[in-house]
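I opened this notebook to record what I looked up in the structure, entry by entry. The sequence and the model come first, and my entries follow.

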Amino acid sequence: MRGRTSLAKWLIVLVVLHGIVACAGFFAPYDPVEQARGSPYLPPMRPHLVDKNGHFHVRPFVYLMKLQEGSFDQYEEDKSQAKLLRFFVSGARYRLLGLLPCRIHLFGAENARIYLLGSDAFGRDQFSRLVFGGQVSLLAGLLGAGITLLIGLCLGAAAGYYGGWIDDLLMRFAELFLALPWLYLLFALRAFLPLAISPIKAFFLIIVVIGAVGWARPARLVRAVVLSTKERDFVRAARGFGATDLYLLRRHILPETASVLLTQAAILVPQFVLAEMTLSFLGLGVPEPVPTWGNLLSNLQQYSVLVSYWWMYLPALAMVPFFLGYLGLASSLQERGKTHKIAKRSLGSLP
Amino acid sequence: MRYLLRRLGHAFFLLSSVSILTFLFAALAPGNYFDEMRLNPQIAPETVAALRAQYQLDRPLPVRYVSWLNSVIHGEMGFSFAYNSAVAPLLIARARNTLLLTITATLLAWGIALPLGVWSAERLECWPDRLLSWGTAALLVIPDLGLVLGLLVLAVKTNWFPAGGMAAVDFEDLSPVHKIRDLALHMTLPVVALVLSVLPLLVRHVRAAVADVLQAPFLLAARGHGISRRTLLYRYALPAAANPLISLFGFSIGGLLSGSLLIEVVMSWPGVGPLLLEAILGRDIFVVIGGVLFSTLFLVGGNFLADMLLYWVDPRIRTERSRA
């Protein structure tokens with residue numbers, strides 16, 4: 001019983017998080033590529049409730065930033081310029097979920113740009129870029145995991161069901177993929193594909209590359225389930241009644257693999273999000289100006305950014321809730337999958 | 001003995017398949033190192049064609065593969081266009097640094113994970129165990145990239161450790177003792193990052209494996225005989241739990257290699273990682289193939305070591321072979 005509630009809990013967490021990213025246009029105050037060249041590398045503005053005179057306000061407000069005396073890149077809060085945070089303001093146009101044209105944003109300020117997570121070299125709002133970046137990274141992770149599981153399911157089922165030389169061949173092939181460290185494999189695949197391409201192409205390319213890397217482990221797991229299921233009595237009975245191979249696989253055998261696939265999905269998605277981040281971070285993935293979680297962090301490869309603008313690191317922490325959600329989901333799925341006592345000591349996310 | 005030979009043959013099979021596969025991919029890849037020259041109006045098309053011919057890029061695939069195999073036998077592993085030299089010496093210089101990092105991290109990670117896992121398995125579901133579980137979960141949800149960059153930010157802010165590189169500027173002039181100290185200082189950050197990235201997984205596995213064994217009747221009997229706690233845990237429980245852990249050892253090397261690839265690039269450690277990245281961006285295919293093969297070799301070596309350990313630890317495998 002406890003397993004089920006914890007599963008529901010993690011699912012709700014994940015749905016909320018993904019909902020925020022999916023409706024990025026609403027939650028982000030600005031367009032992620034809109035530049036404000038006049039304010040590069042602004043530090044994060046903190047929402048306040050108490051003003052400089054010690055008066056308490058019900059509505060949160062921020063102070064705008066001004067240059068410090070005698071400096072050209074150090075900012076401080078300008079206490080004379082307070083801006084109220086307004087909610088449900090109209091701002092830049094966007095399409096909600098890619099369909100509905102909209103102008104309403106969750107929050108914003110009048111006649112000024114506010115930066116909750118600071119701004120980057122071009123004065124783009126880091127918070128907006130973070131929320132929009134999640135769309136690319138999470139979609140890459142989800143689609144990549146989908147492709148991987150599909151390949152794993154097909155090959156694993158073929159290997160387990162038909163056996164013989166097909167099994168030998170496929171499992172040898174899987175071993176090959178397991179023999180390489182995944183990042184090297186990812187690099188190798190990426191190395192032999194075109195480098196300078198448009199963001200959309202790069203995005204799909206990356207999904208395919210990521211999806212092609214990880215199929216070996218799910219394929220092995222599916223194969224094991226298929227091997228044991230095809231000898232079960234109800235499958236034999238169905239075969240005795242003259243069921244075809246395809247019908248048997250579709251109707252009786254593959255449904256048994258559902259729990260394995262779900263658990264694998266919960267493990268693979270964050271791994272693949274990380275893979276996309278790594279590629280984009282190193283400049284092999286989706287290029288600027290499209291924001292992704294990886295290329296948001298790639299600024300930090302410059303020493304000057306690392307030293308002077310610590311808030312550029314904040315996006316890395318924003319990903320933790322997502323990873324936590326998926327880890328929780330994976331371990332509660334695993335707990336649910338096993339019934340005996342040992343299962344309670346869940347391993348969490350396995351590689 | 002036959003078991004080991006079989007594993008060796010298996011490793012060789014893996015290596016050769018990986019080499020063929022990477023070669024095939026490389027051949028399918030669009031573009032090569034000389035493509036940028038083709039766009040340059042100051043370089044005649046004949047020159048580019050001559051260069052391509054000189055490096056045999058215009059020959060059919062099997063011929064190229066055989067000539068590459070030939071150069072492997074001669075210890076060259078193909079030719080790097082960007083560095084204008086054979087690949088093997090380049091790779092060996094870099095691989096040494098990667099191995100230094102990875103092997104140190106492997107030893108350290110397992111050295112910490114084993115006692116910690118056993119300690120935690122002994123106190124299953126008590127508060128120290130819960131605390132440790134939360135700790136490992138926390139480490140697990142921090143993405144590798146975030147961890148590495150966080151450590152780097154910390155290093156820059158506090159100046160406790162050098163942020164990147166492998167040696168100080170005046171490394172050559174230092175006395176041997178100071179050289180070691182300098183190297184250790186530079187190694188600390190990447191090694192810590194590597195260890196932290198694999199540690200949670202290892203601890204959890206050790207804990208699960210040992211906890212499994214601790215419930216076995218023979219351990220209950222051993223406890224009844226009054227065998228001391230330490231002997232019980234490390235002499236009886238750990239070897240019985242070793243089997244899955246040794247397989248994990250082989251796999252953990254893969255994780256460490258992947259981790260070190262990223263960490264080397266971010267912390268500018270002169271290992272295989274930065275070399276591979278440069279080679280990918282420059283279409284220097286033989287270096288890419290060499291780098292991938294190096295990683296496979298190391299991983300296969302690790303798995304072979306794990307197999308030998310297994311052979312040594314698990315008597316069932318030995319008897320199975322002698323019966324067969």
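**Entry 1. Terms and conventions.** I began with the term nonpolar core, which is a set of buried Ala, Val, Leu, Ile, Met, Phe, Trp, Tyr and Cys residues joined through C-beta atoms within 7 Å. A residue is buried if 20 or more other C-beta atoms lie within 10 Å of its own, exposed if 12 or fewer, and partly exposed in between, with C-beta atoms placed from the backbone. I noted that this is a predicted model, in which local features need pLDDT of at least 70 and side-chain atom pairs count only at pLDDT 80 or more, while totals for chains, interfaces and linings use all residues. Residues are numbered from 1 along each chain as its sequence is written, and chains are lettered from A and ligands numbered from 1 in the order in which they are written.

**Entry 2. The largest nonpolar core.** Which residues touch the most other members of the largest nonpolar core? I found Val148(B), Val210(B) and Val288(B), in a core of 166 residues. The element that gives the most to this core is helix α8 (residues 176-214) of chain B, with 16 residues. Helices (H or I, at least four residues) and strands (E, at least two) are DSSP runs, numbered from the N terminus. I then looked up the contacts of Val148(B), leaving aside its neighbours within four places in sequence, and found Ala193(B), Leu262(B), Ile263(B) and Val266(B). Two residues are in contact if their C-beta atoms, placed from the backbone, lie within 7 Å.

**Entry 3. Where the chains meet.** I recorded 48 residues from chain B and 41 residues from chain A in the contact. On the side of chain B that touches chain A, at least two residues each come from α1 (2-28), α6 (127-141), α7 (144-158), α8, α10 (229-266), α11 (272-282) and α12 (285-313) of chain B. I sorted the residues of this side into 34 nonpolar, eleven polar and three charged. In this count Ala, Val, Leu, Ile, Met, Phe, Trp, Tyr, Cys and Pro are nonpolar, Asp, Glu, Lys and Arg are charged, and the others, Gly among them, are polar. For the complex, the predictor gives an ipTM of 0.79 and a pTM of 0.83.

**Entry 4. Chain B as a whole.** I noted 13 helices and two strands in chain B. Its C-alpha atoms fill a box of roughly 85 × 60 × 40 Å along the principal axes. Of its 324 residues, 36% count as buried. I took the contacts in chain B between residues at least 6 apart in sequence, and 72% of them join residues at least 24 apart.

The mean pLDDT (the predictor's confidence in each residue, from 0 to 100) of chain B is 81, and 94% of its residues reach 70 or more. Where in chain B is confidence lowest? It is lowest in helix α13 (residues 315-323) of chain B, at a mean of 65, and highest in helix α5 (residues 87-122) of chain B, at 88. I keep in mind that where pLDDT is low, the predicted coordinates should not be read in detail.

**Entry 5. Ser268(B).** I located Ser268(B) in the loop between α10 and α11 of chain B. Its phi is near 40°, a positive value in a residue other than glycine. Is Ser268(B) buried or partly exposed? Ser268(B) counts as partly exposed because it has 16 C-beta neighbours inside 10 Å.

**Entry 6. Chain A as a whole.** I noted 14 helices and five strands in chain A. The C-alpha trace spans about 85 × 50 × 40 Å along its principal axes. Of the 351 residues in chain A, 42% are buried.

**Entry 7. Strands of chain A.** I found an open sheet of three strands in the order β1-β2-β3 (chain A), with antiparallel pairing. Two strands pair if DSSP finds at least two bridges between them. β1 (48-50) and β3 (75-84) of chain A stand at the edges with a single partner strand each, so one side of each is left without a neighbour in the sheet. Two bridges join β1(A) to strand β2 (residues 56-67) of chain A, and Val50(A) stands opposite Phe56(A) in β2(A).

I next looked at strand β4 (residues 86-96) and strand β5 (residues 100-108) of chain A, which pair in the antiparallel sense over seven bridges. Ser90(A) has Ile104(A) in β5(A) as its bridge partner. β4(A) and β5(A) form a hairpin with three residues between them, and Leu97(A) in the turn has a positive phi of about 55°.

**Entry 8. Pro270(A).** I located Pro270(A) in helix α10 (residues 258-281) of chain A. Pro270(A) counts as buried because it has 25 C-beta neighbours inside 10 Å. Not counting residues up to four places away in sequence, Pro270(A) touches Gly141(A), Phe322(A), Phe323(A) and Tyr326(A).
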